[in-house]
Amino acid sequence: MAIGVGAIAKGLWVTLRNAMRKPVTVQYPEVIRPKPERFHGRHVLNRYGDGMEKCIGCELCAGVCPARCIYVRGADNPPEAPVSPGERYGYVYEINFLRCIYCGLCVEACPTEAITMSNLFEFSFTDRDDAIFGKDLLLVDPDGTPKHSGSHYDPRSLEESGGWMRATSPGGDASYEGIPGWSADAGHGVRAAEAGQGADPADPEQVLAGHRDDVGLAGRGAAPEALDFGALAKKAGLSGKETPT
Amino acid sequence: MEFDGWTALIGTGTVVAVFVVVMLMVILAVWAERRVAAVMQTRIGPNRAGPFGLLQTIADGIKLLMKESITPRQVDRLVYELAPLLAVLPAFLALAIVPFGPGFCIGGQGTDCSGGYFVDMQIANLNVGVLWFLSMSAIGVYAALLAGWGSGSKYPLLGGVRASAQVISYEAALSLSVVPVVVAAGTLDTQGIVLAQSQYRWFLLPLFIPALFFFVAALAETNRPPFDLVEAESELVGGFHTEYSGVRFMLFFLAEYVNVVTISALFVTFFLGGWTGPYPVAGSVNWAPLFGAIWFLAKTVCIIGIFFWLRVTLPRLRYDQLMALCWKRLIPINLVYLMAVAVWVAYQATGDLPRLVGGG
Ligand code: SF4
Ligand code: SF4
C-alpha cells in the first residue's frame, strides 16, 4: 500500500506540474496555427507563369485515386485559344471532397504538377453536392491565388500550395530533394525546394551520402555483406540449379 | 419556542438559502471541474459561455432540458422513472444536516435567545444528524441499482450490479470512518461535532487515518474517479445511465455533483472543524455567522478541488482491486483505529483503561 501511495503522489505531482504549463491549444477561430509546409489540405489546380492551366486532361490522377473521387474529362485544346500548353486540357475536373482521403496519390501521379494540395481545410457543406468542387473552385486565379470556399480561412494558406509535392520531389528519390524538379507556378515562379532535408545538390559527396542514407547504409561503417543466395541454397542442401520442390 | 408563522418562515428561508447556495456550488463545480481538468491537461477548457465560461453549466443544462428524453422500449417503466428521482432526492436530503454556520438570533436576548427566534444555519438540527447522512447516502445506492435494472439493457445492468457491490461495501467503510469522529466528539449531532473541534482541535490530525479513509470511501460513494466503475464509460458505455437522456440524465448528473458538494461539506464538518475559523474566535462578533459560512464554504471548495485533482490524475481501479481495497484495507484498519480511539476516550473520561477482556 505504501508503494501505491507513493505512486499516487507522483501522479498528483505530474498533473500539478502540467497545470503550471502554458496551454498547448489555441483559440482556433481567432488564432490559427501555421500549418506544416506539407499539410494535406484540399487540392488546387495550378497554372503556369503565363496563366496557362497545367492540367492536360490525362486522367492519371483519376486513375490512381484510391477513393475514386476525381472525375476528369479532357478535351482538345482549341488551336486559336489553347487552355493548356499540351494537346488536351482538363475540360471538366471535379473532386468529391466527401470521398477524398487526402492521400496525395493524385499529386504524385500528375505528370505536370497540375494538381497539388493546399493548406486550405475549412470546409463546410450544407449539401452533398456542395462537396463536389469543380474547376471553378479548384483552379487557382491567374495570379496563383487559390480560391477559398468558406468564409473562414487562414490568409497564409493562400500562399502555400504544393509543399508536399515539392518536399517529396517528382523523382521519388530523396537525394534529389534539394533540387527543384518542378515547373514555375503563376504568381510564385519556381518555388524553392523545402530546406533541410536533402543534400546540397552542388556537392556530389553530400548527394551520395544522402543517397546512402536513403538505402540505410550511411553511418554504419562498412556495408553489410550482400546476401549470397547461392551459398544459402547450398547450406540448405540444394544445388544452385535445382529448384526446390 | 412555540411553532408559529415565523418559525415556518425561518425554516423555509433556510431551505431556500441552502438550496440556492448548493445549486450555485454545483453550477460552479461542473464548470470548475472542466476548467481544472483543462488546465492540468494543458488545454484551455470551456471559456465561451459568459466570462471565463462561467455560464457553461447553464448552457449545458438548457441543452439537456431541450433534448429529447428517449425511453427505450424494453424498460421497466416504473423503476426506470423512479431511479433519477432516487438519485437526486437523497443527494439533497443529505444536505439537511450540514451546518453552514453557528446560527444566529433574531430579536431575542441572551445566550438562549429568549423572546426571539434562533436561526440554525442548517436545515434540520437533528440530534442524529450523522445517521441521517448515512441513511441518505445508502438510499442513493438504489438510484444506480434501479437504473441499471430498469433500463433492460446489458451495460446499465452491469453498472447497476457494480454499483450495488461497490457502494454497499464502501458504505461500510464510510460509516466506520465516521464512527471514530462520533466517539471522539461524543455526539451524533453535526453541529456538536463542529463545536467539539473549535479552537483548532480539528479531528484531521488525531483522526488522520479515518479522515483519509473517509475521503477514499467518499470518492467511491459518489462514483467519482478513480472509483467510477459504475459509469466506466470506457468499459460500460455510460454504465447505469447509458439508457438515460435529456432531463433524466440531467438528474443523474446533478445528483453526482450535489453528492460531491455534500460529501465535501461533511468532510469539512467531520474533520476540518466545519465553520470554525481564525477570525471570530468564540462567536462573539456580530458577523460570526457570516464568517462561519465563509470559512465553511472555503474549506468545502478546497476539498472539492481535491476531488477534481484526483479525477484528472488517477486511472480507474480494476474491480477486484476496488473490493480488496475496501474489505482488506479500509475496513479492518478502521476497526482497529476505532477500537484505539474508543480506548483512548474511555481512558480520558475515567482515568483508567477500560477492562476489555475478562473481569477484574
Ligand atoms: S488525395 Fe487521394 S483520395 Fe484525394 S483525390 Fe487525390 S488520390 Fe484521390
Ligand atoms: S491533374 Fe494532372 S494527372 Fe490529373 S488529369 Fe490533370 S494533368 Fe492529368
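**The largest pocket has a lining of 27 nonpolar, three polar and two charged residues.** Here nonpolar covers Ala, Val, Leu, Ile, Met, Phe, Trp, Tyr, Cys and Pro, charged covers Asp, Glu, Lys and Arg, and polar covers the others, Gly among them. Please keep in mind that this is a predicted model, where local features need pLDDT of at least 70 and side-chain atom pairs count only at pLDDT 80 or more, while totals for chains, interfaces and linings use all residues. Residues are numbered from 1 along each chain as its sequence is written, chains are lettered from A and ligands numbered from 1 in the order in which they are written, and side-chain values use heavy atoms, leaving out hydrogens and water. The space in this largest pocket comes to about 1,100 Å³ (the space filled by probe spheres set on grid points joined across faces, edges and corners). A pocket is an open set of points on a 1 Å grid over the protein atoms alone, with protein on both sides within 12 Å along at least five of seven lines, and lining residues have an atom within 4 Å of a point. Look for G4(A), V5(A), I8(A), V216(B) and L314(B), which lie nearest the centre of the largest pocket among its 32 lining residues. Two or more lining residues come from each of these helices: α1 (2–19) of chain A, and α7 (208–221), α10 and α11 of chain B. The biggest contributor to this lining is α7(B), with seven residues. Helices are DSSP runs (H or I, at least four residues), numbered from the N terminus.

**The second largest pocket holds about 630 Å³ of space.** Closest to the centre of the second largest pocket are E231(B), E233(B), H241(B), F249(B) and F253(B), out of 26 lining residues. Helices α1, α2 (56–66) and α9 (246–271) of chain B each give at least two residues to this lining. The largest share, five residues, belongs to α9(B). By class, the lining of the second largest pocket has eight nonpolar, six polar and 12 charged residues.

**Chain B meets chain A through 14 of its residues, which are in contact with 16 residues of chain A.** Contact means heavy atoms within 4.5 Å. Together chain B and chain A bury about 1,300 Å², and 67% of this lies on carbon and sulfur atoms. On the chain B side, T42(B), I44(B) and W309(B) lose the most area to chain A, together 38% of what that side buries. Buried area is the accessible area (1.4 Å probe) that two parts lose on being put together, summed over both. What kinds of residue make up the side of chain B that touches chain A, and which elements supply them? Helices α1 (5–40), α10 (288–313) and α11 (319–350) of chain B each give two or more residues to that side. Helix α10(B) brings the largest share, four residues. By class, there are eight nonpolar, three polar and three charged residues on the side of chain B that touches chain A.

**A salt bridge joins E81(B) and R77(B), with their closest N and O atoms 3.0 Å apart.** Side chains of opposite charge can pair when their charged atoms come close. The rule asks for a side-chain nitrogen of Lys or Arg within 4 Å of a carboxyl oxygen of Asp or Glu. E81(B) and R77(B) are about one helical turn apart because they are four residues apart in helix α3 (residues 77–94) of chain B. Over all chains, a search of the whole structure finds 12 salt bridges, yet across the interface of chain B and chain A the rule finds zero.

**The largest cavity has a volume of about 380 Å³.** Of its 26 lining residues, those closest to the centre are G140(B), E221(B), T222(B), N223(B) and N259(B). Helices α3, α4 (129–150) and α9 of chain B each give two or more residues to this lining. The most, eight residues, come from α9(B). The lining of the largest cavity divides into 16 nonpolar, seven polar and three charged residues. A cavity is a set of grid points where a 1.4 Å probe fits but cannot get out, and the count comes to six cavities of 30 Å³ or more.

**The second largest cavity holds about 80 Å³ of space.** Find C55(A), I56(A), C58(A), C61(A) and C110(A), the closest to its centre of the 14 residues that line this second largest cavity. The lining of the second largest cavity has 10 nonpolar, two polar and two charged residues.
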